[in-house]
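Welcome, and thank you for taking a look at this structure. Please open the sequence and the 3D view together, and we will walk through them step by step.

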Amino acid sequence: MTRDLALAIPPALVDRLRSARSVAALTGAGVSAESGVPTFRDAQTGLWAKFDPTELATPSAFARNPKFVWDWYAWRRELLAGARPNAGHLALAALERRVARFHLITQNVDGLHQAAGSSDVIELHGSIGRIRCSRGCGTVARWAVAQGDLPPRCAGCGAFLRPDVVWFEEMLPPDALAAAEDAARHCDVLLVIGTAAEVYPAAALPRSARACGATVVEINPQPTALSDAVDHVLRGPSGVVLPALVAAAWPATSLS
Ligand code: APR
């Protein structure tokens, strides 16, 4: 599989990547699929195929039933407890060491990029590893298994604590969004990995990068809403494609 893919990677892309001064990557749930983390929209296996996002991932859902929402995130955290970075995460960490300027923009809340050794990860949708005050008094903390009444209360103002993730109908963290837009506008190559590219504003980044002259590459086993608006499509699982891409550009690179 890897050998065939090496051939399938266009030499023009390899040259562009090797000569790039600034590379960015935008990742979605698909990059963690090979670590056993469910995606959101894959048929049957995706979280939104099994659960109703309006009951679990909106501020109004939390207001209606805070314990139900808290328990669901506690369940997702248990799922993640056994997950380890896969070869795709490791290849991105290796790529960061190979290029002058590298920005990793993720929609994922699982922390697997950081566990793989990537630094300065731009978390567009927050992190399931943190909790924060639902009233926004400023309290933010590492997620700790809470005893007693759930969700636990904010020590600062007594409001419920909630997962520090971005829910539907909510704004992205302004600093993270600004950093992501800047990285997209100033990169030579943007790798778009494992995202259906259906959720905005993240899904707007590839088009903005391309409009600024970047070469945009989609890495996904399936076609997406973005497939017709990129320069290269590498159809395959990112845990296979990314190591092959890095090895094609820098044959001596160790991925571990
Ligand atoms: N390698 C690469 N891509 C994969 C793999 C894999 N092994 N397995 C699946 N994919 C692709 C699917 O084909 C799909 O296009 O990953 C994509 C996952 O899409 P979604 O489940 O829609 O996830 P994502 O695009 O990250 O969702 C964006 O929506 O629900 C919200 O906040 C949530 O951050 C999330 C946002």
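Which residue of β5 stands opposite I131? The residue is A141.

## Before we start

This is a predicted model, in which local features need pLDDT of at least 70 and side-chain atom pairs count only at pLDDT 80 or more, while totals for chains, interfaces and linings use all residues. Residues are numbered from 1 along each chain as its sequence is written, and side-chain values use heavy atoms, with hydrogens and water left out.

Helices (H or I, at least four residues) and strands (E, at least two) are DSSP runs, numbered from the N terminus.

## An open sheet of three strands

The pair I131 and A141 belongs to an open sheet of three strands, ordered β5-β4-β6, with antiparallel pairing. Two strands count as paired if DSSP finds at least two bridges between them. Strand β4 (residues 126–133) is joined to β5 by three bridges, and to β6 by five bridges. On the β6 side, R132 stands opposite R162. Strands of a sheet pair through backbone hydrogen bonds, either parallel or antiparallel.

Why is one side of β5 and of β6 left without a neighbour in the sheet? β5 (140–142) and β6 (161–165) stand at the edges and each has a single partner strand, so one side of each has no neighbour there. On average, neighbouring strands of this sheet are turned by 40° against each other, direction ignored. Axes are lines fitted to C-alpha atoms, for helices over the stretch in contact, and angles run from 0 to 180 degrees between N-to-C directions. Helix α6 (residues 66–81) packs on this sheet and touches β4 and β6, its direction making about 145° with that of β4; contact means heavy atoms within 4.5 Å.

Strand β6 is also mostly covered, with five of its five residues buried. Here, buried means under 20% relative accessible area, exposed means over 50%, and partly exposed lies in between (1.4 Å probe, protein chains only).

Now turn to helix α2 (residues 11–19) and helix α11 (residues 238–249), which pack at an angle of about 75° with their axes 9 Å apart. That makes α2 roughly perpendicular to α11. Angles of 65 to 115 degrees carry that name, while those under 35 count as roughly parallel, those over 145 as roughly antiparallel and the rest as oblique.

Which residues meet here? From α2 come L13, V14, L17 and R18, and from α11 come L245, A248 and A249. The residues of this contact divide into six nonpolar, no polar and one charged. Ala, Val, Leu, Ile, Met, Phe, Trp, Tyr, Cys and Pro count as nonpolar, Asp, Glu, Lys and Arg as charged, and the others, Gly among them, as polar.

## The largest nonpolar core

A nonpolar core is a set of buried Ala, Val, Leu, Ile, Met, Phe, Trp, Tyr and Cys residues joined through side-chain atoms within 4.5 Å. The largest one has 28 residues, and L95 and L191 have the most contacts inside it. Among the elements giving it two or more residues are α7 (87–98), β1 (22–27) and β2 (101–106). Helix α11 provides the largest share, six residues. Leaving aside residues up to four places away in sequence, L95 touches V23, F102, L191, V246 and W250.

Strands β7 and β8 pair in the parallel sense over five bridges, and V189 stands opposite T215 in β8. In β8, T215, V217 and I219 point one way and V216 and E218 the other, and all are buried.

H113 sits in helix α8 (residues 112–115) and counts as buried because its relative accessibility is 1%. Among the residues that H113 touches are T27, H89, L104 and S118.

Most residues other than glycine have a negative phi, and most peptide bonds are trans. E169, in the loop between β6 and α9 (174–185), has a positive phi near 75° and counts as exposed at 66% relative accessibility. A197, in the loop between β7 and α10, has a positive phi of about 55° and counts as buried at 7%.

Finally, P201 lies in the loop between β7 (189–193) and α10 (205–211). A cis peptide bond joins Y200 and P201, with omega about 10°.
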